[in-house]
Amino acid sequence: MHSTRARVPAAPAPALGVATERIEGRDKVTGTARYAGEHARTPPDCAYAWPVPATVARGRVTAVDTAGALALPGTLAVLTPGTAPRLGESDDPTLAVLQDDAVPHRGWYVALAVAETLEDARAAAQAVRVTYATEPHDVTLTEDHPDAYRPEQAGGRPALRERGDAGGAFTAAPVRVDVTYRVPPLHNHPMEPHAAFARWDGEGDGAHLTVYDSSQGADPVRTALAALFRLPEDRITVVSEHVGGGFGSKGTPRPHVVLAAMAARHTGRPVKLALPRGHLAAVVGHRAPTIQRVRLGAEHDGTLTSLSHEVTTHTSRVKEFVEQAGLPARVMYASPHSLTDHHVVPLDVPTPSWMRAPGEAPGMYALESAMDELAGALGMDPIELRVRNEPATEPDSGLPFSSRGLLACLREGAHRFGWADRDPRPAARREGRWLTGTGVAAATYPVLVSPSTAAATARHDGGYDITVNATDIGTGARTVLAQIAADALGVAVGSVSIGIGSTRLPRAPLAGGSSGTASWGWAVHRACTRLAERLARHTGPLPAEGVTAVADTAEEAGRTPPFARHAFGAHFAEVQVDTGTGEVRVRRLLGVYAAGRILNPRTARSQFIGGMVMGLGMALTEHSTADPAFGGFAERDLASYHVPSNADVPDVDAHWIDEDDPHLNPMGSKGIGEIGIVGTPAAIGNAVHHATGVRFRELPLTPDRVLPALA
Amino acid sequence: MKPYGYVRARSVEEATAAHAAHPGARYLAGGTNLVDLMKHGVETPGTLVDVSRLPLDTVEEPPGGGLRVGATVRNSDLAAHPLVRERYPVLSQALLAGASGQLRNIATTGGNLLQRTRCPYFQDTGTPCNKRAPGTGCAAREGVHRDHAVLGHSPHCVATHPSDMAVALAALDATVELRGPDGERTVPVTEFHRLPGDHPERDTVVRPGELITAVVLPPGTAGLPSAYRKARDRASYAFALASVAAVLDVAGDGTVRHVALAFGGLAHRPWRARLAETALLGAAPTEDALAHAVEAELGLAQPLRDNAFKVPLARNLAHRVLSELAADRP
């Protein structure tokens, strides 16, 4: 039976801009959504793997005694640096697991136990005895570390940029702020730990590797596995159907997926490997600590004459990663003289990586705190100071902004927050044991977009299938893609089916850099627009296989436009500080954003306030401690690594201003996944200063730091 | 995790007999701490004797007054019990300040007392720890120890006891009922946990095979003004940086008739502040008197490199709680 399509269907109301429920929401809350480690079709012969982390911070493995582990019931194999299959070349040295005996940091994997059950695998891993030749280690970042060097790039941009004579202009400035801020190591800790299931089918040239992985991008995982296992990509399938958060830690392939595939090949059995929470701190990245010196020179009227932001951070000894905290200073404020610089120190620490607005989050904490200090030194309202230094073009590049809504966000936020009534005097609001204060900070996040492909099919039953290897890491990607497709097709969103999360689908970039909706959505929009054109020309019933259109945005999304493109925002915080305990509690948090067109207000609000809660955690509760004595990080569970609890977040609200920017993508959207984090720590820190009169320059603001300063 | 045997006991007698019959046995109640430690290889019992379904899950009023709390009463149930809230509010407050709702729903009264320290080195078999592996040394003394003890620690161990509930029980002069191979005995909560000394591997005075059957709240502290206050890194679900449980009864003449002050998060056991109590008993609880009393107690503190903040924190908390209790009296 064939359906007949009306030539000019009555266009339904647009789907974009409408608050739309998550497509997979019911599956998730009823437990039917399956994650990588719990796939419904786990075969009965599935084996389980458990890695063995190094217990020294630096050295070499001299011996691995597997006898005790192999003697345990259920043990199938123990892979060691001496016995593990040799892998192909990879551009990510953290994936070269069990390939040599070097131990670059505590927690680096030195063996892998494979057994019949999860419990057997864990018992076998605990029974492996590893002997090391240890060397002296160093995990402590200092400003003047002798091994510090300037990398070529930070976050894909030049590490050093200088305009004019920043040092000279600073010295000559009548009002100066010269301050150093510190952000500790931080961990992503998504709710779902990293997990993978791997299965090999067939032999020799017919071998096919299938992997279910908790990843932010199945295609990059496939590319990595193809190189490591020397297979053409078409003989690897990677599925990442549902992902329980990643926040950057699943943005690159991780050792667990390599180990699972290795174990499956070695044993000839399908293998599941779910990392225990305690391992995550060492093997899936972290935000590197930063020491940030900010120097601001200004005229008495607040006009900046010099802006310097110099960042020192750490990386591991196996891979260079540079937390690009100096980049936002190239975007934010007009200043004729500017210096932004990065130095990095290789230490015996796990390899840092992307975490929740890498660069922008720590960088804007320092810059926006220093701006608050400058406002104080000038006796000027901090919003007025930002207005005074609003640039006409992007300061670093000289490019015009495609749109820049910072001032609108500050003004709207000030209105909603009641900023006009604020008494600027610090430490002037005491009620019993509580000191109250308010603070403001600006936020920015770049508009990023990557080429993607997508396909759209009109089925003969009247529905539409949209496929793109996007990943929904909990943001609502499926839902917004369905909305984009529905509007491009001119149909109701309910008639659109979305297929994502598999390399069997059209190739697409990872969910990262707040770029997913722009990248995938552009390709979906293009494929659906083509399909609509094709359908408009089509006469008679649709064929049984339907009508399909595909799209590849390599050209348009890869183009560098002659505009500086960024989202902006303003964050406002009200805090109370307990003078007897040094406990800081947030009472109100408000974010206002200018991020292009908001495509789904419901899921967008969730992303904004989720980001703000992450920023709250960065300001007040989260930190990891590089253990000087033993290496690694001391916080390895959710009882000691403190993400905010519900009780920490009493009142958090997000709003946005309408922004019509024609220089973005067909949807007119900017990324919204990370900007909620960016200004929140500084807004809270500035509020703490307003409350207490004390300027704290190291996060988080826990009682051990706050109480002694209040005495 | 090492393979282990499992026995479900139907009576206290069966439980103690099963424990005696299985070398290396451990009692299992809520399991919120023990099972984690087994996964980490820190605890390696040969057999678990499951006592979670023993008929010890009631709160009773003994004829002489007070309350007798069965060992398997869940933390949530105890916190919500009307007689606890009415007569021993410090206990209800302490329970609600601990862990999370999910954990309190499964954790038991007896298990709460027996939970182990959350020192990161104790939980990491890859590092030295005299509590976990006697004789290997204390990694925390020179390592990461912001959360560790400032009172009563030894060269061998600087761990703290993590319980909130136990701090309230110590202030209430509660006692622990134990049943073991040699019969029954009763131990005051204040003497139940040990200081580390030369044997940090021994958290408590519980003898091999003994099972906690109940915690008894005495009639003497019933209905007295009491309160619990805890300072922590986040507003919920965090262990105490320092906490205070206080009971303060002021007589009609304005002098202190009964006082009990206990600190949590500062020592290897709930720290009963006897010096402070002695200073206050019979005196008028003026601001000065409270301050001096608390100062006298915390003069005993010997902070480590990174936890000196705990001393003023505990001082301010104690002063505040006592001051509020003194002001609240009718």
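Is B:D203 buried or exposed? I looked it up: B:D203 is buried, with a relative accessible area of 13%. I took buried as under 20% relative accessible area, exposed as over 50% and partly exposed as in between, with a 1.4 Å probe and protein chains only.

Ground rules. I am working on a predicted model, where local features need pLDDT of at least 70, side-chain atom pairs count only at pLDDT 80 or more, and totals for chains, interfaces and linings use all residues. Residues are numbered from 1 along each chain as its sequence is written, chains are lettered from A and ligands numbered from 1 in the order in which they are written, and side-chain values use heavy atoms, with hydrogens and water left out.

Entry on salt bridges. I counted a salt bridge when a side-chain nitrogen of Lys or Arg is within 4 Å of a carboxyl oxygen of Asp or Glu. Searching the whole structure gave me 62 of them over all chains.

I then looked at the partner of B:D203. Its side chain meets that of B:K131 in a salt bridge, 2.6 Å from N to O. B:K131 lies in the loop between helix 7 (109-114) and helix 8 (165-171) of chain B, and B:D203 in the loop between helix 9 (189-192) and strand 8 (211-217), so the pair ties together parts that are 72 residues apart in sequence. Helices (H or I, at least four residues) and strands (E, at least two) are DSSP runs, numbered from the N terminus. B:K131 is buried too, at a relative accessible area of 5%.

In chain A I noted A:E659 and A:K670, whose side chains form a salt bridge at 3.0 Å, N to O. Both residues sit in the loop between strand 27 (652-656) and helix 15 (675-678) of chain A, so this pair ties together parts that are eleven residues apart in sequence. A:E659 and A:K670 are both buried.

I also found a salt bridge between B:R272 and B:E277, with the closest N and O atoms 2.5 Å apart. A network of salt bridges links A:R433, A:D578, A:E583, A:R585, B:R229 and B:R320.

Entry on B:H268. Where does B:H268 lie? I placed B:H268 in the loop between strand 11 (256-264) and strand 12 (271-272) of chain B. B:H268 is buried, with a relative accessible area of 4%. Its side chain makes a polar contact with the side chain of B:K131 at 2.6 Å. For a polar contact I required a pair of N or O atoms within 3.5 Å; within protein, one must be able to donate a hydrogen and the other to accept it, and residues adjacent in sequence count only if both atoms are side-chain atoms. The backbone oxygen of B:R194 lies 2.6 Å from a polar atom of the B:H268 side chain. Leaving aside neighbours within four places in sequence, B:H268 has contacts (heavy atoms within 4.5 Å) that include B:K131, B:C157, B:H193, B:R194 and B:D203.

Entry on cysteines. How many disulfides are there over all chains? I got zero, with a disulfide taken as a pair of cysteine sulfur atoms within 2.5 Å. The sulfur of B:C138 is 5.8 Å from the closest cysteine sulfur, in B:C157, which is too far for a bond. B:C138 counts as partly exposed at 23% relative accessibility, whereas A:C528 is buried at 0%.

Entry on helix 5 of chain A. This helix (residues 218-228) is mostly covered, with eight of its eleven residues buried. I listed strand 12 (208-213), strand 13 (236-239) and helix 6 (255-267) of chain A among what covers its buried residues. A:R230 follows the helix and has a positive phi, near 55°.
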